[in-house]
Amino acid sequence: GALEAARKISRIDRDLAQMNYAAAYRALAAEIRSAYLGLVLQKMVVRNTEDAARLAQENLNRQQARYSANQVTYGEIMLHQLRLDEASLAMRRAKADWEFTLGAFRSLCGNAALSAADIPDAIADVPTPPSVVPAVASSVTEASDAVQVAEKEVTKAKLACVAPRYALFPRLGLVAGISRDENNRDIMVNGMVAPYRYKVDTLYAGAQVNWTIFDGFNSKGQRLAARTRLRRAEQRLSTLREVTARNLERERTNVGFTWDSYQVAQMRLRMAREGLAHMREEAKRGQASQEQVDTAQAAAFYNEYMAQSALAANLNELVQYL
């Protein structure tokens, strides 16, 4: 049965290769989705840093005008100049990160023509929570790719125990064949020596027995190694069956947690936008400064980014669960 076991092992290796390819394909799809969402978030970071640099420049210009009118000290000018330098540095760093991330995404997708204009400015809001139902533990265990791979590995390990078990058994071989030889000899023809060629066909059949009496305990070591691999495969399968359903339930729970985080971030964003609108109304009535309006604008942009990050986290968790 050693040859039959080797044939079955080869079939299992083929099936495992196909399953590993499918798993790698799904992982690649999830990586592309996550990288795409990351691009949208990075583009928003660039926008926020550009706006922060613009506001810092406008604020510095206002302070310089006040300094010319002897309303502020030179120390105030230096403070606002430092803020502008910090905002400009953050903007340049964000743009460099954006170019690097976009280039990495092009390489990942194999699309060198992808431009910044192809990336949306924001992720579309999701109005309703995703419909995620609990999975039945037994069906999850049977359908899990990891469990199926582990089951095939156990079968493969059992088949690998066959050949070492019979390594020292005698082997009987049957041999049959045909051979053809051409011979030369000299003969006398009319008193003269002439060469003569003739063919000889030989048919043969037989049996042979090979028996290795002792191989230096090599086969014993192979049997022990095969049984050890089998025990490890069975232990891994048992562990996977225990933790698969539990891990999936944890991932389903994480989908709910990230959705709740998104709702909290959305509420903070609405409050920030309302605060910005209120501050603009106060500025029109002369009861708020432009600097306060800029601060409210920066807070609105920051909370928008946080809401988008929470939404991206929720979408990534949902992909992982599915």
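Me: What is the relative accessible area of Arg 227?
Reply: First, this is a predicted model, where local features need pLDDT of at least 70 and side-chain atom pairs count only at pLDDT 80 or more, while totals for chains, interfaces and linings use all residues. Residues are numbered from 1 along each chain as its sequence is written, and side-chain values use heavy atoms, with hydrogens and water left out. Buried means under 20% relative accessible area, exposed means over 50%, and partly exposed is in between (1.4 Å probe, protein chains only). Arg 227 falls in the partly exposed class, because its relative accessible area is 39%.

Me: Is Gln 266 buried or exposed?
Reply: Gln 266 sits in helix 6. Leaving out residues up to four places away in sequence, Gln 266 touches Asp 125 and Ala 307, where contact means heavy atoms within 4.5 Å. Its relative accessibility is 14%, so Gln 266 counts as buried.

Me: How many salt bridges are there?
Reply: Side chains of opposite charge can pair when their charged atoms come close. The rule for a salt bridge is a side-chain nitrogen of Lys or Arg within 4 Å of a carboxyl oxygen of Asp or Glu. By that rule, the count is 16.

Me: How many residues apart in sequence are the parts that Asp 121 and Lys 43 tie together?
Reply: The side chains of these two make a salt bridge, 3.2 Å from N to O. Asp 121 is in the loop between helix 2 (74–109) and helix 3 (137–143), while Lys 43 is in helix 1 (residues 2–68), so the parts they tie together are apart in sequence by 78 residues.

Me: How far apart in the chain are Glu 50 and Lys 95?
Reply: Their side chains form a salt bridge at 3.4 Å, N to O. The pair connects distant parts of the chain, with Glu 50 in helix 1 and Lys 95 in helix 2, and the separation is 45 residues.

Me: Which strand holds Asp 201?
Reply: Asp 201 makes a salt bridge with Arg 180, with their closest N and O atoms 2.7 Å apart. The two are 21 residues apart and link distant parts of the chain: Arg 180 belongs to strand 1 (residues 171–189), and Asp 201 (in residues 192–210) belongs to strand 2.

Me: What is the accessible area of the nonpolar patch on the surface, all together?
Reply: Leu 172 is one of its residues, and Leu 172 counts as exposed because its relative accessible area is 65%. Areas come from the Shrake-Rupley method with a 1.4 Å probe, and for residues only the protein chains shown count as cover.

Technical notes. Helix = DSSP H or I, 4+ residues; strand = E, 2+ residues; numbered from the N terminus. Patch = residues over 30% accessible without salt bridge, like charges linked within 9 Å, V, L, I, M, F, W, Y side chains within 5 Å.
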